[in-house]
Amino acid sequence: MSAKRKKTIYDGFFYKNPVLIGGLIAGPVIVCADTLAHALVLCLMFSMLSFISVMLSSFVPRRLVYGLRIIVYSLIAALVYVPLSQVCAEYFPLEFEAMGIYLPLLTVSSLITTQTEFLFNRQDGVTLFVTLLCYILGFDLAALLVGFIRELLAYGTMFGNMTGFRHVMPGLATVPGGFLVTGLLTVCFHKLRILFRRRKERAA
């Protein structure tokens, strides 16, 4: 695997994780990912919405002025969201209702707007596909990790099933609890990134 391809994968999953490193679109994770079920539905919606929207946005002519391109990206995402939300409401009605306004807010996420403009649109077809996929999977892994930790520690359950964990902290299911868990994971990822970078510099 080439060094450029490795960097693309590492950036999406680790070095520039859109939630734990970049801080992008962390709001829906903090609010919605209080259980694994909610985190899973959030990931499904985010993945399909982001992938389809960014791929369609790559066809927007570059000759359009910057501000107009950003508006077009958001409009494309909004149009993609409509059928996706109907499918989500049909198959996951409880989770869809619980997440409320935070699902439609994904249409104006920075991954679809600014990252499409400054990162994805500067790459060719194959590289665009791989980079976008890595960033989406990076978001998904972070959201699922937050949902796993919060459900286990707040409710003592996993996908609604009791695990036998008794030392529950219900406050972690709240929004401040989401900030706490996401913040602690962000600190850990920053520390790991520094350690990996130092190790890489020593090896060089």
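This short talk walks through one predicted model, from confidence to helices to cysteines.

Ground rules. Residues are numbered from 1 along each chain as its sequence is written. In this predicted model, local features need pLDDT of at least 70, side-chain atom pairs count only at pLDDT 80 or more, totals for chains, interfaces and linings use all residues, and side-chain values use heavy atoms, with hydrogens and water left out.

Confidence comes next. pLDDT is the predictor's confidence in each residue, from 0 to 100. The protein's mean is 84, and 85% of its residues reach 70 or more. Which element has the lowest mean pLDDT? Helix α1, residues 3–15, at 59. Helix α3, residues 36–57, has the highest, 93.

Now the helices. Helices (H or I, at least four residues) and strands (E, at least two) are DSSP runs, numbered from the N terminus. An unreviewed UniProt entry annotates "transmembrane region" at residues 12–31, 37–57, 64–84, 96–114, 126–149 and 169–192. Such annotations may be inferred rather than shown by experiment; positions use the numbering here, and feature names are shortened. Take residues 37–57: 100% helix, 0% strand, end C-alpha atoms 30 Å apart. Residues 126–149 are also 100% helix and 0% strand, with the ends 35 Å apart.

On to burial. Buried means under 20% relative accessible area, exposed over 50%, partly exposed in between (1.4 Å probe, protein chains only). In α8, the buried residues include G177, V181, L185 and F189.

Last, cysteines. C88 is buried, at 5%. C188 is partly exposed, at 43%. A disulfide is a pair of cysteine sulfur atoms within 2.5 Å. The count is 0.
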